[in-house]
Amino acid sequence: MKLLNGEILSNEKYSDNLYKMEIFSPYICKDAQAGQFINVKCSPEGVLDPLLRRPFSIFDIEKKFNVFSILYWVKGKGTKFMSGLEKGDMLDFAGPMGNGIDLNGDENNILLVGGGIGIAPLYLIAKLAGGMKKNVFFAAGFKDNSYLRWEKDLIELKINYAVLTEDGSWGEKGLVSDYIWNNIKSFKNYDIYCCGPRDMLKTLQNIYKDKNNKVTALLEEKMACGIGVCAGCVVKLKKGKKGFSYKKVCKDGPAFNLEEVIFD
Amino acid sequence: MTKQDSLFSYETDTGRNGFSLSVRLGRIKLDNPVIACSGTFAYGLEYSQFYNTAILGAVTTKSYSLKPIEGNPPPRICETASGMLNSIGLQNDGIDIFIKKYLHEAEKLGIKIILSIFGQDPEEFRKVASRAADIKERIIAVELNLSCPNVKKGGMAFSAMPDEVEKIVSSTVSILNIPVIAKLSPNHQNLVEAAMAAKKGGAEALSVINTVVGMAVDIETFRPRLGNVLGGLSGPAVKPIALAKVYSLTREKILPVIGMGGIFSWQDALEFLVAGASAVGIGTANFIQYDVGKKIIEGLGNYLKEKKIYDINDVIGRLRA
């Protein structure tokens, strides 16, 4: 993990609020694994508002070109600042952070379940699993068609996928969790990675409660340091039969066994 | 030390090179006045990926209690204008785990350790202090986190009650026999009284300020943005408050003060020194600029050279007010 300055090669607007930023960084491309994230300073040099760095999952890595990318949704001051950065600007970030995902021990069938911006860390998992000749299926759910442009990235992976939108403006109409429930039999021998809103994760936890699938959730929480010092980004995990303990998303995660997560 | 870091060793060597950053707070002698604040640096391991943390004047550890504490329910962090609220709830593994597991790792890094401790009542403070007494040769001081709630007194913070401050300080001083620093809260009117009580109890120095009580509300859900409702505000937003507290305390010449609150640069650090602080604590800045401690030491060293000030002590408390 290092503090880095990377040149922005593109900051493409996918829709009103969705952007994909490509950054040149041999260090990240050499070391980073799927599931890891970078921590971005979202204000100009010397400016301290917004104050805290913002974590972003690594969306894609193109090792050959030393370029990685992040996919982000403009939500507040920090991401608004990022959306204004241009090709040639430098991005102040640190990384790679968090634990990577090791697909080696996994089943030959991998199911990715993403909701909204939760698709961001899953994309690289899908790409790497595809590269390992695993059978990969990506189920992605959105409110509307604002992520439509992302389908172009997805097509490049040459994997099977399903898109669902709540308003039916793109793909099937409905929730991605309902889609999984309706197709539960076809995903019987799959290892599952999911990332998205709490309600989606909660529903998936119920769906897979008494199934044998290995279900891994990539979680997000507000972070201050991102390196395991402040204990700000904790999530509640089951401990023993009735107990719980707090684990840090940044250092212990961001991937956790979904079964162990307690959603209060 | 790496080659780059060794550049700064001259600052501690007044005899040869003339420029000195070393400061003294009672019996506590520091190579430079830059200290990492409790709760923002763990015990140094994570930051050692970014620079040699042994160059810091000292590192104050996370605050340890007698038994492990799970801390407050999330969310624990909320950003505000140029600041952040936290309600971590003093999550820690307990003093015994620190002694068994972490102390050795901090020592391997060459860090000068100030151990931060707290208790929910005076008795717990005494018990943690007795554990700390077993390792007193391995640490340079103990900092008492007096901003935590006193369970026996209805949850009121210890530092709000000067009598309690004196009691806790004097009992830990008698157990420890090494310098004791009292960390005080800015949230009460009687800061000077609390400081005098700490002095009476035998404290060597004061850490000022801890976080300022604050909150934030989510107007979509009408819920507080912190799981604990109230939290502690830190970062640049609190710097003027911290400076004023440091100034008003050091004017009273009660005890040497480690000034802290929103320091992000060497210029910020210098403001605290000029206002009267004998050393400075770097807290929230560590979360954003992981090598900020090193940058501040470098900046202060360069400032002395540029201004041809041979001793950092010549700027301490030199406010022209």
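## Domains of chain A

Domain bounds here come from an automatic or database domain assignment. In this predicted model, chain A is divided into domain 1, residues 2–97, and domain 2, residues 109–218. The centres of domain 1 of chain A and domain 2 of chain A, taken over C-alpha atoms, are separated by 24 Å.

Contact between these domains involves 14 residues of domain 1 of chain A and 14 residues of domain 2 of chain A. On the side of domain 1 that touches domain 2, the elements giving two or more residues are strand E5 (60–62) and strand E6 (67–73) of chain A. By class, that side of domain 1 of chain A comprises eight nonpolar, four polar and two charged residues.

## The seven-stranded sheet of chain A

Chain A contains an open sheet of seven strands, ordered E11-E10-E9-E8-E12-E13-E16, with mixed pairing. Its edge strands are E11 (172–173) and E16 (255–257) of chain A, each of which pairs on one side only.

Within chain A, strand E8 (residues 109–115) and strand E12 (residues 190–195) run parallel and are joined by six bridges. One pair of bridge partners is Ile110(A) and, in E12(A), Asp191(A).

Strand E7 of chain B (residues 113–117) is largely enclosed by the rest of the structure, because five of its five residues are buried. Burial extends to both faces of E7(B): Ile113(B), Leu115(B) and Ile117(B) lie on one side, and Ile114(B) and Ser116(B) on the other.

E7(B) pairs in the parallel sense with strand E4 (residues 58–64) of chain B over four bridges. Ile114(B) of E7(B) is the bridge partner of Thr60(B). Strand E8 (residues 141–145) of chain B also runs parallel to E7(B), and four bridges join the two. Here Ile114(B) stands opposite Ala141(B) in E8(B). Together with helix H4 (residues 122–133) of chain B, strands E7(B) and E8(B) make a right-handed β-α-β unit.

## The interface between chains A and B

Across the interface between the chains, 28 residues of chain B are in contact with 26 residues of chain A. On the chain B side, strand E5 (77–80), strand E6 (83–86) and helix H9 (285–288) are the elements that give two or more residues. The side of chain B that touches chain A has 15 nonpolar, eight polar and five charged residues.

Technical notes:
Residues numbered from 1 in each chain as written. Chains lettered and ligands numbered in written order. Predicted model: local features only at pLDDT ≥ 70, side-chain atom pairs only at ≥ 80, totals over all residues. Contact = placed C-beta atoms within 7 Å. Nonpolar A, V, L, I, M, F, W, Y, C, P; charged D, E, K, R; others polar. Buried ≥ 20, exposed ≤ 12 C-beta atoms within 10 Å, placed from the backbone. Pairing = 2+ DSSP bridges. Right-handed = clockwise from strand over helix to strand, strands pointing away.
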